[in-house]
Amino acid sequence: MSSLTFYIVDVFAETKYTGNQLAVFTGSTGDLSDAQMQQIAREINYSETTFILSTNTRNGGYDVRIFTPQTELPFAGHPTLGTAFILQQEILQTAIATLSLNLKVGQIPVSFDYGTAGAEVVWMQQPAPTFGQILDPAAIAAALGLNPAAIDPRFPIQEVSTGVPFIIVPLQTQADLKAARVNRELYFQQVESLTAKEVLLFCPQTYDPANTLSVRVFADYLGIPEDPATGSANGCLAGYLVNYRYWGDTILDIRVEQGHEINRPSLLLLKAQQQATAEITVLVGGRVLLIARGEFL
C-alpha cells in the first residue's frame, strides 16, 4: 500500500478539541480495497474516518467514503463538513463558494462562508427529512432514566432521517436534559425493532444565552455512549422543528449547543425551510479547525 496523506480536523468546534474529531485521507486512497479502508478506520479509531478517492470530480462531485471502526456509513454530518474543508483548503487551495461530495446516500452540496482567516463556516445541504414511527413517551422516558413528565407533551417522539435515522425526543427543561441516563437494557429493547438506533434529546434552555437549544445524542447501541457533536442528528432535528412548527414558523435559523455534559462543548448552526412543495430543506453548518497533517505508512 502506498503512503497516504491524512489530516485531523475538529468539526463544530469553537476551540480545538471541543467538537468532533475526524481523520481525512487523501493520496492513493483510490487504490485501497474496502477491507483496507475499514482496517485503517479501525486503527485510527475516531468515530468516523473519510477517504477522498480522487481529486478529480465525477458528475460534479468528489467521491468520498465514510467508515466508522465497525462499518461504512452512507452519510454522516461532521465527516461531510470536515472532508469538504480539506478539499477546499488543502487540495484546491482556493476560496471557492461551493463543492459537492458523492457519498453513498447521494450527492451532498457544501458551501463556504469566508472571513479574513479563511472559511469561517462550512455548510452542507442534507437530504430532505423523512418521518418515521411515533414512539411511546413513557417507554422512551424509562429507557432514558427520566420521569414521563420530562417529555414535552406538545410534540411527538419520532424517528426522523436526513440520510441517517435518529429518534428525536423533546424535553421540557435543561434539568431534564442533564438528568438523562441510558438504561441499556430498556434502550436496546426499544430500538431493536426500529430503523433508528440513536437518540437526540433537546430542550429550549442553554448554557450559553447566545444559543437557541441544548442537545444530547446517545448511541449506545452503536458503541458510542454520548456524541459531542452530530451533524446528521441535528439535521434531523432541524427538519423536525420545522415540521412541527416548534416556534410556530416554517423557517428556521438557530444555534445549537451539544457536548457540554461531557466537557466537549460544540456549536452547530441550523437552517431549514418548508418549501411550497411541502419538502423541507435542511442546512447544517459549523466551524472546522485543522489540527494536524501527516503520512500514514
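This report describes a strand hairpin, several salt bridges, a cavity and a pocket in a predicted model.

## Basis of the description

The structure is a predicted model, in which local features need pLDDT of at least 70 and side-chain atom pairs count only at pLDDT 80 or more, while totals for chains, interfaces and linings use all residues. Residues are numbered from 1 along each chain as its sequence is written, and side-chain values use heavy atoms, with hydrogens and water left out.

Strand β13 (residues 213-219) and strand β14 (residues 224-227) run antiparallel and are joined by two bridges; strands pair if DSSP finds at least two bridges between them. Helices (H or I, at least four residues) and strands (E, at least two) are DSSP runs numbered from the N terminus.

Ala219 stands opposite Ile224 in β14. The hairpin has four residues between its strands, and Gly223 takes a positive phi near 90° there.

## Salt bridges

Side chains of opposite charge can pair when their charged atoms come close. With a salt bridge taken as a side-chain nitrogen of Lys or Arg within 4 Å of a carboxyl oxygen of Asp or Glu, the count comes to eight. Burial is given by relative accessible area (buried under 20%, exposed over 50%, partly exposed in between, with a 1.4 Å probe and protein chains only).

Arg216 is buried at 5% relative accessible area, and Glu226 is buried at 15%. A further salt bridge joins the side chains of Arg184 and Asp220 (3.5 Å, N to O). Because Arg184 lies in helix α5 (residues 184-191) and Asp220 in the loop between β13 and β14, the pair ties together parts that are 36 residues apart in sequence. Arg184 is partly exposed at 44%, whereas Asp220 is buried at 11%.

Elsewhere, Asp34, Arg65 and Glu72 are linked in a network of salt bridges. The side chains of Glu72 and Arg65 meet at 2.4 Å, N to O; Glu72 is partly exposed at 23%, and Arg65 is buried at 13%.

## The cavity

On a 1 Å grid over the protein atoms alone, a cavity is a set of points where a 1.4 Å probe fits but cannot get out, a pocket is an open set with protein on both sides within 12 Å along at least five of seven lines, and lining residues have an atom within 4 Å of a point. The whole structure holds one cavity of 30 Å³ or more, and the largest cavity has a volume of about 60 Å³.

Its lining consists of Ile140, Ala143, Leu144, Ile167, Tyr187, Gln190, Val191 and Val199. Two or more lining residues come from each of α3 (137-143) and α5, and α5 gives the largest share, three residues.

## The pocket between the domains

The largest pocket contains about 560 Å³ of space. Of the 32 residues that line the largest pocket, the closest to its centre are Glu48, Thr68, Leu73, Glu198 and Leu222. Helix α2 (77-92) is among the elements that supply at least two lining residues, and α2 gives the most, with three.

Domain 1 (4-125 + 287-296) and domain 2 (130-278) both contribute to this lining, so the largest pocket lies between them; the domain bounds come from an automatic or database domain assignment.

How values were computed:
Grid points are joined across faces, edges and corners, and a volume is the space filled by probe spheres set on the points.
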